[in-house]
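Subject: Structure handover

Hi,

Here is the structure I promised to pass on to you. Have a look at it first, and then read on for what turned up in it.

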Amino acid sequence: MNAAGLAAGFTVDRGTFRLDLELAVPPGGVTAIVGPNGAGKSTALRTIAGLVRPSTGRVSLAGRVLDDAASMTHLPPAARGIGVVFQDYLLFPHLTAAENVAFGLLAQGMPRRDAHRTAREWLDRFGLSAHADSRPGALSGGQAQRVALARALVLEPALLLLDEPLAALDAATRLDVRADLVERLREFGGATVLVTHDPLDAVVLADEIVVLEHGRVAQRGAPTEVTRSPANDYVARLVGLHLLRLAPTTEGAGRGGDGAVGGGSGERTVVVSPSEVRVSVERPADAASITGESGSATWECRVTGVEELGGRTRILLESIADGHRFSAELALRDVPPFGYGVGSTVWATLPIAAHR
Amino acid sequence: MRGSRTGSPGLRAPRSPDARRSGIPAALWAPAVLALAFLVLPLVALVVRVPWSRLPELLAAPEIATSLGLSLGSAAAATALSLLFGIPLAWVLARSAHWNPVARRSLRALVTVPLVLPPVVGGVALLLLLGRRGLLGQYLDAWFGIQLPFTTAAVVIAQTFVAMPFLVLAVEGALRGADRRLEDAAATLGASDWFIFRRVTLPLIAPGVAAGAVLCFARALGEFGATITFAGNFPGVTQTMPLSAYLALQSNPDAAYVISLVLLVVSVLVLVSLRDRWVSGVTA
Amino acid sequence: MRGGRSAATRTGAAAAAAAGVALLLAGCAGTAPGDAMTSTGTDTSADVTVYAAASLTESLGRIADRYEAANPGATVTLNFAGSSALAQQIMSGAPVDVFASASADTMRVVVDAGLADGDPVVFAGNTLEIAVPPGNPAGVSGLTDLANTALTIALCAPEVPCGAASTRVLDAAGITAAPDTLETDVRAALTKVELGEVDAALVYRTDVLAAGDAVEGIEFAGAADAVTDYAITRVMDAANPAAAAAFVDLVLGDDGRRVLADAGFTNG
């Protein structure tokens, strides 16, 4: 248990459903809770926020006990000092962006003038000064998300909770907002817990992933661990992603595209979905170097297995150059008539700059 | 719910005229027109019957100004009281979802009773409670020397009794329709319950409150039975427009038509202006 | 509080009044039309619709019972309300056979409109009394107390008959009353006495009697100066002119007078 950050271990009973969760998030750490709908993700977040009382267990933040079922201790949401960004952002529709950000400051007794000045400073910092006087209805999804983030962070909470922070966005804005969120979370010094049903968000944003299934933790660990060695079929299906480390062989390639996580020492990690991997028997004519200046990279691989997955074929691959293992999922029409034999050699092309 | 990303989409009027036109099936037009005619034609008949040539003379009667002033003042006071006490009651009703269903339904039924009770019976009930021999009234009289019947305060009480349920039901509906998660969001920002109520809940339900207040005011303005029974009838003290119209009907029907016309015009003016201003204040 | 017994249809009352049938037959023999007297079973030609002042509720109800007993199968439909309201309904074409008004003015409106069949007949009179709650807690003793501003006083509004009578009585006595409320009808004024909400009210003597123990009546000198005359008439174009005449005759006859006198009316 980390006394400085969030330390939580609790159960919540909702009828026949039981959520059983332990979390320890240090300051600066980002933990992502992933799982399908109904897994208990939102209940977990609402419990930490104080909107739901745990049936058993404790929640403490920065050494302060927020919940202790044994001693009937329960601090209401308003007294917890936890920032929450809700799924639909839940901006107050009758207030402007600046008033939304100032809301918490006013609620805590800051004089009106100071609160509004501080709110505008935060909106400036978030690149929203032009929208300070707009109502939420006039903001784009990405802008609304940043206002919601500013509204939570302006109070300088010790813990930030994000409930499906990207789910309300369309695919186009999602990419930008995700990249922006990475930046914001890096600047934020407190602990962060985010809930998402999208493993890609988790992998990109978090340094720890907790996979929740039917209210229980199915697996936990660093994104690379969880994606590389899923604990069970469920996690594998859920995650279904690859983290690829690319060695820097060309100068200037360190800056990854959106969604890529910069690694240490110039190395970079790229997240790829198996469905994005193209497989061919011949070396593609446009094959690019591994550095991916053209936005994709091609490896020569050995086929280590073939699986049928309800209408799709999964081909397990191993890079001949460095032994890296990953897989490709192909539509049946993309598979040649005689298929790919185990042990045969193929060329796999991965997008490494542009993501879905 | 202007601009609310989370509000019910059904609350928004369709933007394009085409969508609006196709939204009303032809089969609804005939009954709609009949309904409107049914509501409006009696008023037309009343207006036709008004002795227009003697209008200035009849309007100049001082009783009209007196009872109009009393009506507007008491209806405004009744609306204010209803807002002050009715909004909290609506809040309790709207938040009673997790109560025992019998208790919840009983509470709602009790709130609705004044709507279905004949107003005269309501007036008798008020006398039995607040009259000088009433359940509470006897102590008001004995301890404080307060006698409510036959006072302007009694007019306001009678009007509040019959009109407040309209406000409570309207506000309760608005509360049920409002997104409670916004209150959760406010709580996580450190706001106290009272701060949330004032700064989040109340603004969110403002259109419902406005509609309820308008209904409440209109009902109070037209109140007759409970007023005559509980407050009595005395010019300048308890004689509101409806009472004066009723009495005039006994002896001087022309005067009664004129009083009714004034009541009609004032009601329409107040309802139209109030509604426009309040609703536009919220949706602008 | 208009029409406590509005449009009450009085079928099947014959059985209740069966004991009095023989007596009635004797009493009415001279005036009832032959067809009504000789009819047996259902006879709609003896049906009659009566609009009457609210203060006649008890008395006309009793007289209607007797009419129905004397005319087996006949139905008396009674509609009690304020006289002015009834007059307006009659002028709007309500299907009425008989109209009994508590005010000569109101009756005149109907006569002037040409809706009275024959001259109206004054059949009863009513005088005013001071009604006080049982035990007379405020110690009211006479008309002069109505000018006491310390007391809570109810009068009828001058627009309605009992209010007009009150004005006449008070003017004659030279008293400026200090009412707290001007009630729209005499029953409403009486209700406030019964509930003890007012110390005194000027109401009809018949209402004091009808209220039984719920109120006490105080007679005063000069009450006879303001007798309210009750007039009755057949209405023009009555559906059953003969039945209407029979009903009016019953009211004006000995039996009707007795019922009215029992209720506190003076004989007109």
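For residues 280–284 of chain B the pLDDT stays under 50, and the model has six contacts for them beyond four places in sequence. Please keep in mind that this is a predicted model. Chain B as a whole has a mean pLDDT of 86, with 88% of its residues at 70 or more. Another stretch with pLDDT below 50 covers residues 1–20 of chain B, which has 28 contacts beyond near neighbours in sequence. Among the elements of chain B, the lowest mean pLDDT, 50, belongs to helix α1 (residues 17–22), while helix α8 (residues 152–177) has the highest, 95. Where pLDDT is low, the predicted coordinates should not be read in detail.

Next, the places where chain B meets its partners. Its contact with chain C takes 22 residues from chain B and 22 residues from chain C. Together these two chains bury about 2,100 Å², of which 58% is on carbon and sulfur atoms. Arg132(B), Arg133(B) and Phe150(B) supply 31% of the area that chain B buries there, more than any other three residues. One salt bridge is found across this interface: Arg132(B) pairs with Asp199(C), with the closest N and O atoms 2.3 Å apart.

On the side of chain A, 21 residues of chain B are in contact with 29 residues of chain A. About 2,200 Å² is buried between chain B and chain A, 65% of it on carbon and sulfur atoms. Two salt bridges are counted between them; one of the salt bridges joins Asp184(B) to Arg46(A) at 3.2 Å, N to O.

Chain C has 11 helices and 12 strands, and 53% of its 268 residues count as buried. Among its contacts between residues at least 6 apart in sequence, 79% join residues at least 24 apart. Strand β2 (residues 48–53) of chain C runs parallel to β3(C) and is joined to it by six bridges, with Tyr51(C) opposite Asn79(C). With helix α4 (residues 57–70) of chain C, the two strands make a right-handed β-α-β unit.

Over all chains, the search finds 32 salt bridges. Among them is the pair Arg80(A) and Asp67(A), whose closest N and O atoms are 2.4 Å apart. Arg80(A) lies in the loop between β6 (73–74) and β7 (82–85) of chain A, and Asp67(A) in strand β5 (residues 64–68) of chain A, 13 residues apart. Is Arg80(A) buried or exposed? Arg80(A) counts as buried because its relative accessibility is 1%, and Asp67(A) is buried at 1% as well.

Arg205(C) is in helix α9 (residues 205–210) and Glu219(C) in the loop between β10 (216–218) and β11 (228–235) of chain C, so the pair ties together parts 14 residues apart in sequence. Here Arg205(C) is partly exposed, at 27%, and Glu219(C) is exposed, at 60%. Back in chain B, salt bridges that share partners join Arg49(B), Arg54(B), Glu57(B) and Asp254(B) into one network. Glu57(B) sits in helix α3 (residues 55–59) of chain B and counts as exposed, at 51% relative accessibility.

Methods
Residues numbered from 1 in each chain as written. Chains lettered and ligands numbered in written order. Predicted model: local features only at pLDDT ≥ 70, side-chain atom pairs only at ≥ 80, totals over all residues. Heavy atoms only, no water. pLDDT = per-residue confidence, 0-100. Helix = DSSP H or I, 4+ residues; strand = E, 2+ residues; numbered from the N terminus. Contact = heavy atoms within 4.5 Å. Pairing = 2+ DSSP bridges. Right-handed = clockwise from strand over helix to strand, strands pointing away. Buried area = accessible area lost by both parts, 1.4 Å probe. Salt bridge = Lys/Arg side-chain N within 4 Å of Asp/Glu carboxyl O. Buried < 20%, exposed > 50% of the residue type's maximum accessible area, 1.4 Å probe, protein only.
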